[in-house]
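Here's a quick briefing to read alongside the sequence and the model. Have both open as you go.

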Amino acid sequence: MSAKDNRGPGRADFAVRLGRVSGTVVLIGRSIGRKATYEWNYSLDGKHWTSVEPTHDAETTISGLAAPARYSFRFRARGAGGLGAWSRVITVLVV
């Protein structure tokens, strides 16, 4: 007999939600600890990336984006083990 894991899927490493205000998104990364720093980027073409202010929280809000437009987002974390790789890129239609 085997036991079924009822917890469901784990939390994603990176997620993007549309904000409540037009041109706003909320980026949510997986936390790696209290002393970590998180870097956030966005792009309109997937080639030229714009950095936003790094945070100590695994979540940030970006506002003032042109809408409607497709934006790509990514993040990476810097912890005790050094700088991590960029996350997968998530592209959303910002409205």
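This is a predicted model: local features need pLDDT of at least 70, side-chain atom pairs count only at pLDDT 80 or more; totals for chains, interfaces and linings use all residues.

What is the mean pLDDT of the protein chain, and what share of its residues reach 70 or more? The mean is 90, and 88% of the residues get to 70 or more; pLDDT is the predictor's confidence in each residue, from 0 to 100.

Residues are numbered from 1 along each chain as its sequence is written, and side-chain values use heavy atoms, with hydrogens and water left out.

**Overall layout**

- The protein chain has 0 helices and 8 strands; helices (H or I, at least four residues) and strands (E, at least two) are DSSP runs, numbered from the N terminus.
- Read from the N terminus, the elements go β-β-β-β-β-β-β-β.
- Of the 95 residues in the protein chain, 35% count as buried; buried means under 20% relative accessible area, exposed over 50%, and partly exposed in between (1.4 Å probe, protein chains only).
- Take the contacts between residues at least 6 apart in sequence: 50% of them join residues at least 24 apart.

**The E1-E2-E5 sheet**

- Strands E1, E2 and E5 make an open sheet of 3 strands in the order E1-E2-E5, with antiparallel pairing; two strands pair if DSSP finds at least two bridges between them.
- E1 (14-18) and E5 (59-62) are the edge strands, each with a single partner strand, so one side of each has no neighbour in the sheet.
- Ignoring direction, neighbouring strands of this sheet are turned by 20° against each other on average; the axes are lines fitted to C-alpha atoms (for helices over the stretch in contact), and angles run from 0 to 180 degrees between N-to-C directions.
- Strand E2 (residues 25-29) pairs with E5 in the antiparallel sense over 4 bridges, and Ile28 has Glu59 in E5 as its bridge partner.

**E6 and its partners**

- With strand E3 (residues 37-43), E6 pairs antiparallel over 7 bridges; here Thr37 stands opposite Arg78 in E6.
- Strand E8 (residues 90-94) runs antiparallel to E6 and is joined to it by 5 bridges, with Ser72 partnered by Thr91 in E8.
- Strand E7 (residues 82-83) also pairs antiparallel with E6, over 2 bridges, and Gly79 has Gly82 in E7 as its bridge partner.
- The link from E6 to E7 is a hairpin through 2 residues.
- Now look at the loop between E5 and E6, where Pro68 is found: the peptide bond from Ala67 to Pro68 is cis, with omega near -5°. For context, most residues other than glycine have a negative phi, and most peptide bonds are trans.

**Aromatic rings**

- The count comes to 6 aromatic pairs; rings of Phe, Tyr and Trp (its six-membered ring) pair if their centres lie within 6.5 Å, and planes under 30 degrees apart count as stacked, over 60 as edge-to-face and the rest as tilted.
- Tyr38 and Trp40 make a tilted pair, 6.4 Å centre to centre with 35° between the planes, and both residues are buried.
- Trp40 and Phe75 are stacked, at 5.3 Å centre to centre and 25° between the planes. This pair links distant parts of the chain, with Trp40 in E3 and Phe75 in E6, 35 residues apart.
- Why do Trp40 and Phe75 count as buried? Trp40 does because its relative accessibility is 0%, and Phe75 because its relative accessibility is 7%.
- Phe14, Tyr38, Trp40 and Phe75 together form one aromatic cluster.

- Ser87 is in the loop between E7 and E8, and counts as buried because its relative accessibility is 16%.
- Setting aside neighbours within four places in sequence, Ser87 is in contact with Phe14, Arg74 and Phe75.

How values were computed
Contact means heavy atoms within 4.5 Å.
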